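This report covers two topics.

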Amino acid sequence: MQKLIIKGGNRLRGELSLQGCKNSALPIIAAALLCGEDCTLHNCPRLTDVYSASRILNCLGCRCGFSGNTVMVDSSAVTGTEIPEALMREMRSSIIFMGAMLGRMGECTVSVPGGCELGPRPIDMHLAAMRKMGVDVREGGGRILCRTSGGKAKGAKINLSFPSVGATENIILCAVTAEGETVINNAAREPEICDLCGFLRACGADISGDGGSSIVVNGRMKLHGCEYSIMPDRIAGATYLSMTAAAGGEIILKNACIPEMEPFLTVLEQTGCSIYTGGGKIYLRSSPRLRAVPDRIRTMPHPGFPTDAQAVLMSALTLADGTSIFEENIFDCRYRHTEALVKMGADIQVLGKVAVVKGVSKLSGASVEATDLRGGAAMAAAALAAEGTSEITRISHIDRGYEKFEESIRLLGGDIRRV
Ligand code: UD1
């Protein structure tokens, strides 16, 4: 079992080029199945979740090869319609293959992804939408069997009760080659939805309205291959900025997606950090002592404050002057990192969906266990700001989402190593 050893106290300084976005790469790799030709994807992060997605393509008969950060997918041959349970379990997002498989093969067998470290993650909205699109969905023994009649799903009007990112992606993937028009109301507006739609449009799909609450997809008989560059990862960006705010220093993030990061940057700026943006770069200089954020930080669907940035920002605010209040509105179980932060000296009280963070003057190194992807990154941020040495175990969580995590932090002057 690998672990990270972090000696806190170094200020972070330097330039970092942002990795490609995990949450775009996964649905786009699934979408490559739909075009039945070669697709070349640039700026793809090398992450364990991305490798899981490529293994799913392999098991369906597609070829998927990496060259640096470029992935080549050849989906001309498809030999299977079933994803084995073990592969489904490797990552929860494997469920987005459902829409892509229905679009390409007209049928699929997948598994219920089950709960995860963020609490129960039902897929009721995904399944209800597929049924609305004329898919016969049968569940039993943990498996889900889906079959279209005549090999094609049917366009439909779908009103989501919550703008679920995964459900919106699954519907789009199923709809691009379905018969007729699909309208998704109350669709997720996350930038990664726009990235997926950008890729699909490059393959010939007819989609409009993405980025807004109503997405319209006109089914096409056939898509074709394309070359596409995946957007930068706004959450990795939020992580390295939060680390610098916590540990102190001055960094420039290159290859950044600035408008997409605005909801996060607006809040981070309230801590007193100086932030300048332009030309695809974000410059941040930390303030000598961070200030607490005056308004409640409510995680909301985009363009609200992103739930994925809640933990990393919290690490920085444990050291702020004053009390900050978080309200987690997306996931039931997203404060599991707080126990580790408290062990490092933070003053945090969790009451249901609210976390009250009273700033302290210092954190101290400790041995902690990563609870989930962003929670693990938050612990690393706190460790970089703490006095003394910390040890973080279960770092496979961190490897799911951060490419060259220690190398990036070392490049900025942080003292971190993997053993
Ligand atoms: C995606 C992101 C994740 C991010 C989340 C919210 C990927 C790979 N993951 O996850 O990093 O934190 O969006 O921005 O892109 N829900 C239901 N029924 C459903 C679907 C969702 O009740 O059928 C609930 C979930 O349990 C959760 C909420 O809706 O409480 C939001 O989930 P959703 O937007 O679907 O998140 P994911 O797509 O799983």
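The model is predicted: local features need pLDDT of at least 70, side-chain atom pairs count only at pLDDT 80 or more, and totals for chains, interfaces and linings use all residues. Residues are numbered from 1 along each chain as its sequence is written, and side-chain values use heavy atoms, with hydrogens and water left out.

The ligand is surrounded by 19 residues (a heavy atom within 4 Å). Asp124, Ser164, Gly166, Asp308 and Ile330 are the closest. By class, the shell has 8 nonpolar, 6 polar and 5 charged residues. Here Ala, Val, Leu, Ile, Met, Phe, Trp, Tyr, Cys and Pro count as nonpolar, Asp, Glu, Lys and Arg as charged, and the others, Gly among them, as polar.

Which helices each supply at least two residues of the shell? They are H5 (124-132) and H6 (165-175). Helices are DSSP runs of H or I, at least four residues; strands are runs of E, at least two; both are numbered from the N terminus. H5 gives the largest share, 3 residues. Domain 1 (4-19 + 232-418) and domain 2 (22-219) each contribute at least three residues. The domain bounds come from an automatic or database assignment.

**Aromatic pairs**

The structure holds 7 aromatic pairs. Rings of Phe, Tyr and Trp (its six-membered ring) pair if their centres lie within 6.5 Å; planes under 30 degrees apart are stacked, over 60 edge-to-face, the rest tilted.

Phe199 and Tyr228 are edge-to-face, because their planes stand at 80°, with centres 5.8 Å apart. Phe199 lies in helix H7 (191-202) and Tyr228 in strand S13 (226-229), so the pair ties together parts 29 residues apart in sequence. Phe199 is buried at 0% relative accessibility (buried is under 20%, exposed over 50%, partly exposed in between; 1.4 Å probe, protein chains only). Tyr228 is also buried, at 15%.

Tyr240 and Tyr402 form another edge-to-face pair, 6.4 Å centre to centre and 80° between planes. Tyr240 is buried at 2%, and Tyr402 is buried at 2%. Ring pairs link Tyr240, Tyr402 and Phe405 into a cluster.
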